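Colleague: I am new to this one. Can you take me through it?

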Amino acid sequence: MTGYDRDILGEEAAPPVLRPWPLPNRDTRPFWEAQNRHELAFQRCSQCGHVRYPVGPTCPECLSFDFEWAASSGRGTVYSYTVVHHQTHPAFPAPYTVVLAELEEGPRIIARLRPDGRPSGRGPQGMRPEIGAKVRVEWEDGPQQALPVFVMES
Ligand SMILES: [Zn+2]
């Protein structure tokens, strides 16, 4: 009998399921620390102005090592999405929707789509947003790291 089975049968509370968390390194630590302040940070190239994402040591446009951190508005549009029906980790019960959004600053980022009023990962979900629909970033605080989720912009 698994912990899940015991919970369903009401015999014993299941232990909390821990989700995987990012492991910051020297290059990515400022990015993750900004997220804990509920800021979506990008690297902006000091030489050509290109907005870099994901975090990396050099600009993919001009190969410069110089950059500054810049905060995103967190607003964008749905570029693509997928509805996950097959649960691959106990901390992420399916179904849920993962959105690839193009942000106003240019980069595309991936995050779960949270239906308003519900924490992500708690069904019923599986929303199918329209391509081009407006979304914005909100935050879910975890014990180690705040992570972005998308919500539909009304
Ligand atoms: Zn550059």
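Modeller: Start with a definition: a residue is buried if 20 or more other C-beta atoms lie within 10 Å of its own. Keep in mind that this is a predicted model.

Colleague: What percentage of the 154 residues is buried?

Modeller: Apply that cut-off of 20 or more C-beta atoms within 10 Å. Over the 154 residues of the chain, the buried share comes to 17%.

Colleague: Which elements does the chain have, and in what order do they run from the N terminus?

Modeller: There are 2 helices and 8 strands. Read from the N terminus, the order is α-α-β-β-β-β-β-β-β-β.

Colleague: In what order do the 3 strands of the open sheet lie?

Modeller: Their pairing is antiparallel. Strand 2 (51–52) and strand 3 (67–71) are the edge strands, each pairing on one side only. The order is 2-1-3.

Colleague: Which residue in strand 2 is the bridge partner of Arg44?

Modeller: Strand 1 covers residues 41–45. It runs antiparallel to strand 2, and 2 bridges join them. In strand 2, Arg44 has as its bridge partner Val51.

Colleague: Is His86 buried or exposed?

Modeller: His86 sits in the loop between strand 4 (75–84) and strand 5 (96–103). His86 has 6 C-beta neighbours inside 10 Å, so His86 counts as exposed.

Colleague: How many Å apart in space are His86 and Tyr96?

Modeller: In sequence, His86 and Tyr96 are 10 residues apart. From C-alpha to C-alpha, their separation in space is 9.5 Å.

Technical notes: Residues numbered from 1 in each chain as written. Predicted model: local features only at pLDDT ≥ 70, side-chain atom pairs only at ≥ 80, totals over all residues. Helix = DSSP H or I, 4+ residues; strand = E, 2+ residues; numbered from the N terminus. Buried ≥ 20, exposed ≤ 12 C-beta atoms within 10 Å, placed from the backbone. Pairing = 2+ DSSP bridges.
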